[in-house]
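Subject: Handover of a structure and summary of findings

Dear colleague,

Please find the structure below for your records. My notes on what was found in it follow directly after.

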Amino acid sequence: MRAAVGEIRGGVFHLPVRVYYEDTDAGGMVYYANYLKYLERARTEWLRAAGRDQAALARDDNLLFAVRSVTLDYLAPARLDDWLDVEARVARSGRASVAFEQVVWRGDTEVCRGYVRVACIDATTFRPRALPAELMEVFAGDD
């Protein structure tokens with residue numbers, strides 16, 4: 001497994017993201033759907049920083065994560081070449097799901113705030129399944 005990008009500080013994972021031309025819309029601002037990509041990257045790198053990666057979970061544990069629901073509030077624009085800090089923090093973990101609170105910052109400005117609920121599913125049947133005890137401990141560690 002390769003090293004994670006980003007770092008955990010005070011129970012919150014921080015991922016630095018540069019805004020590229022491909023991320024922007026005709027008005028020069030980050031296209032709204034691209035924030036979902038930033039949030040996904042932060043959750044993926046948070047899991048890697050916690051010592052697990054999604055490819056190994058699928059291969060070794062027959063486990064996948066699927067986004068169940070997302071709520072986003074867009075608060076300020078981000079533009080080409082901005083540096084963003086994408087946060088991920090476990091808000092709640094259950095038997096077969098995890099909820100993340102996520103915030104995107106540009107300096108001291110809150111750009112976007114989201115709540116993402118992720119379900120644990122079997123990689124073969126795509127049906128919900130319980131999180132393994134080891135992962136429940138990982139997710140509970142950030143409560």
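I begin with R52, which is buried at a relative accessible area of 13%, where buried means under 20% relative accessible area, exposed over 50%, and partly exposed in between (1.4 Å probe, protein chains only). R52 sits in the loop between α1 and α2 (54-61); helices (H or I, at least four residues) and strands (E, at least two) are DSSP runs, numbered from the N terminus.

Two remarks on provenance apply throughout. This is a predicted model, in which local features need pLDDT of at least 70 and side-chain atom pairs count only at pLDDT 80 or more, while totals for chains, interfaces and linings use all residues. Residues are numbered from 1 along each chain as its sequence is written, and side-chain values use heavy atoms, with hydrogens and water left out.

**Salt bridges**

The side chains of D61 and R52 form a salt bridge at 2.7 Å, N to O; the term denotes a side-chain nitrogen of Lys or Arg within 4 Å of a carboxyl oxygen of Asp or Glu. Salt bridges with shared partners link R52, D61 and E134 into one network. In contrast to the buried R52, D61 is partly exposed, at 29% relative accessibility. The side chains of R52 and D61 are also joined by a polar contact of 2.7 Å, that is, a pair of N or O atoms within 3.5 Å; within protein, one must be able to donate a hydrogen and the other to accept it, and residues adjacent in sequence count only if both atoms are side-chain atoms.

Over the whole structure, the search finds eight salt bridges. Side chains of opposite charge can pair when their charged atoms come close. Two further examples belong to helix α1. In one of them, the side chains of R43 and E40 meet at 2.5 Å, N to O. R43 and E40 are three residues apart in helix α1 (residues 34-49), so about one helical turn separates them. R43 is buried, with 9% relative accessibility, whereas E40 is partly exposed at 33%.

In the other, the side chains of E45 and R48 meet in a salt bridge at 3.3 Å, N to O. E45 and R48 are likewise three residues apart in helix α1, and therefore about one helical turn from each other. Here E45 is buried at 8% relative accessibility, and R48 is buried at 16%.

**Overall fold**

The protein contains three helices and six strands, and from the N terminus on its elements run β-β-α-α-β-β-β-β-α. The radius of gyration of the protein is 15 Å, close to the 15 Å that the globule rule gives for 143 residues, so the protein is as compact as a globular protein of that length. That radius is taken over C-alpha atoms, and the globule rule is 2.2 Å times the number of residues to the power 0.38. The C-alpha trace spans about 45 × 30 × 25 Å along its principal axes.

Of the 143 residues, 39% count as buried. Among contacts (heavy atoms within 4.5 Å) between residues at least 6 apart in sequence, 65% join residues at least 24 apart.

**Nonpolar core**

In soluble globular proteins, nonpolar side chains tend to be buried together. The largest nonpolar core here has 31 residues, of which Y35, Y38, W46, V86, V104 and F139 touch the most other members. Core members are buried Ala, Val, Leu, Ile, Met, Phe, Trp, Tyr and Cys residues joined through side-chain atoms within 4.5 Å. The elements that each supply at least two residues of this core include α1, β3 (63-74), β5 (97-106) and α3 (133-140). Helix α1 gives the largest share, six residues.

Leaving aside residues up to four places away in sequence, Y38 touches L15, V17, V19, D23, V30, L84 and V86. N34 lies in helix α1 and is buried at 7% relative accessibility. With the same exclusion of residues up to four places away in sequence, N34 touches E22 and D23.

**Ends of α2**

At the start of α2, a side-chain oxygen of D53 reaches to within 3.1 Å of the backbone nitrogen of A55. After α2 comes N62, whose phi is positive, near 55°.

With kind regards
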